[in-house]
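User: Hi! I have a model open and would like to talk it through with you. Could you walk me through it?

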Amino acid sequence: MHEGVPQTIDLLIEAAHVVPVEPHAVVLDDHAVAVHRGEIVAVLPIAEARQKFAPVETVSRPHSAVLPGLVNAHTHNPMTLLRGIADDLPLKVWLQEHIWPIEGAVIGPEFVADGITLALAEMIRGGTTCVNENYFFPDVQAAVYKRHGFRARIGLPVIDFPTAWAKSDDEYFERAGEVHDQWRDDPLIAMAFAPHAPYTVNDANFERVRMLADQLDLPVHLHLHETAQEVQQSIEQYGQRPIARLDRLGLVNDRLIAVHMTQLTEGEIHLCAERGVSVVHCPESNLKLASGFCPACALERAGVTIAIGTDGVASNNDLDMFGETRTAAILAKAVANDAAGFDAFTALRAATLGGAKAIGFGERIGSIEPGKQADLVCVDLSPLETQPLHHVVSQLVYATGRHQVSDVWIAGQPKLRSRTLVGFDVDAITANARQWRDRISSLRTGA
């Protein structure tokens with residue numbers, strides 16, 4: 001290519017502000033992001049970008065911020081079809097007396113596919129471009145995410161009782177191996193082991209998980225130290241707190257994605273930092289189920305990678321990562337009694353690069369840097385709710401609503417254009433959700 005001849009690229013996104021996340025605490029005004037073949041090729045001032053590149057498409061957003069796509073680091077997206085079904089109950093009652101019986105009656109490939117499709121439409125409209133998923137029928141999940149070009153780390157479930165997915169310990173592991181092999185080299189879809197929780201998985205199965213995770217180089221994604229009751233039960237049953245038990249079984253390492261972590265001693269926080277454990281903070285679910293408070297500031301100060309997750313819609317009740325990030329930031333301050341703790345830049349980092357690193361995608365996504373995948377989100381900051389605009393990232397974390405997301409790309413492919421979803425029939429998705437409501441209602445009333 002001759003010097004001075006503009007380079008042809010697929011897409012140039014011009015914006016009032018680019019928030020790259022890496023380097024930390026930087027906002028680039030009047031910048032553009034150049035995208036080609038699904039990758040970010042440059043981040044530079046708009047005037048320079050117009051000289052250097054000949055884009056096939058230019059998206060100009062003069063009142064917007066461009067940021068990395070948000071990473072929902074823990075969710076159960078098929079459960080979107082159970083939104084609001086058993087509210088205002090503590091975790092054990094909610095799970096064992098309501099959720100598990102309903103799931104027992106409806107779980108299957110159709111429920112999983114339809115729940116994820118509804119979740120996808122909601123997540124994309126809210127600026128989420130990647131998810132760490134934890135549910136049954138991972139084969140169906142992977143196919144639906146792939147069909148919509150969505151990035152996902154999908155849990156291979158392990159639990160000590162029979163479900164619609166598997167009837168025995170051996171079958172859980174056999175099916176996990178088959179699904180992993182099927183998706184081994186996919187550019188968008190990857191797997192993790194997802195043993196449910198210490199109170200539903202025995203030592204032998206945890207040991208199998210550890211051995212296979214090491215062999216296959218997979219993360220291990222599980223609920224851990226979610227409630228005080230879980231910790232007490234473990235002490236009574238095993239003579240150890242759950243994280244000590246997992247440490248005895250060889251699972252406390254840099255593969256571990258520990259979700260919730262509301263009950264932690266200072267020693268446990270330092271153990272996580274020392275071993276490279278990632279922690280997923282799910283503040284709204286924990287608040288709603290009165291499960292406890294994750295010490296996010298203490299973990300972050302100790303050097304632990306912090307990510308943010310919504311948990312499932314059945315206990316949140318939405319997939320709003322902007323709302324979740326705001327709650328994470330303000331709750332962390334209250335728990336630490338430190339108004340300067342978990343500041344806006346730290347919170348946004350947790351919702352993007354923190355999530356990407358936690359789930360093993362940190363080299364690919366989570367920040368706007370050349371060579372990374374173009375998972376990008378435009379947020380319109382012109383509405384009166386985000387005016388006047390003194391500090392871009394403060395506004396994104398503390399004032400912005402998900403309805404201000406205008407455009408979304410995953411690997412350079414448009415998923416939302418000017419608030420319109422690409423590749424989704426919203427009316428059909430809504431009608432299908434109502435059909436599931438009727439089906440589940442008739443189960444509960446016995447009609």
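User: Let's begin with Arg-248: buried or exposed, or partly exposed?

Analyst: Arg-248 is partly exposed, since its relative accessible area is 45%; buried means under 20%, exposed over 50%, and partly exposed in between, with a 1.4 Å probe and protein chains only. Before we go on, please note that this is a predicted model: local features need pLDDT of at least 70 and side-chain atom pairs count only at pLDDT 80 or more, while totals for chains, interfaces and linings use all residues. Residues are numbered from 1 along each chain as its sequence is written, and side-chain values use heavy atoms, with hydrogens and water left out.

User: Thanks! Where does Arg-248 lie, and which residues is Arg-248 in contact with, leaving aside neighbours within four places in sequence?

Analyst: Arg-248 lies in helix H8, residues 242-248. Helices (H or I, at least four residues) and strands (E, at least two) are DSSP runs numbered from the N terminus. Beyond neighbours within four places in sequence, Arg-248 is in contact with Asp-203, Tyr-238 and Gln-240, where contact means heavy atoms within 4.5 Å.

User: How many Å separate the C-alpha atoms of Arg-248 and Val-112?

Analyst: Those C-alpha atoms are separated by 35 Å, and the two residues are 136 residues apart along the chain.

User: Which residues make the contact?

Analyst: H3 supplies Pro-109, Val-112, Ala-113, Ile-116, Thr-117, Leu-120 and Met-123, and H4 supplies Val-140, Gln-141, Val-144 and Tyr-145. In this contact of H3 with H4, nine residues are nonpolar, two are polar and none is charged. For that count, Ala, Val, Leu, Ile, Met, Phe, Trp, Tyr, Cys and Pro are nonpolar, Asp, Glu, Lys and Arg are charged, and the others, Gly among them, are polar.

User: Zooming out, how many helices and strands are in the chain?

Analyst: The chain has 15 helices and 16 strands. Its C-alpha trace spans about 70 × 50 × 45 Å along the principal axes, and 58% of the 447 residues count as buried.

User: What radius of gyration does the chain have?

Analyst: The chain has 22 Å, which agrees with the value near 22 Å for a compact globule of 447 residues. That radius is taken over C-alpha atoms, and the globule rule is 2.2 Å times the number of residues to the power 0.38.

User: New topic: where are the cis peptide bonds at Pro-23 and Pro-388?

Analyst: One runs from Glu-22 to Pro-23, with omega near 5°, and Pro-23 sits in the loop between strand E1 (7-18) and strand E2 (28-36). Another joins Gln-387 and Pro-388, with omega about -10°, and Pro-388 lies in the loop between E13 and H14. Most peptide bonds are trans.

User: Leu-381 is in that loop too. Buried or exposed?

Analyst: Leu-381 counts as buried because its relative accessibility is 1%. The loop in question runs between strand E13 (376-380) and helix H14 (392-398). Leaving aside neighbours within four places in sequence, the contacts of Leu-381 include His-17, His-63, Gln-387 and Leu-396.

User: What about phi of His-225?

Analyst: Phi of His-225 is near 50°, a positive value in a residue other than glycine. His-225 lies in the loop between strand E9 (220-224) and helix H7 (228-238), and counts as buried because its relative accessible area is 0%. Asp-30 also has a positive phi, near 50°, and is found in strand E2.
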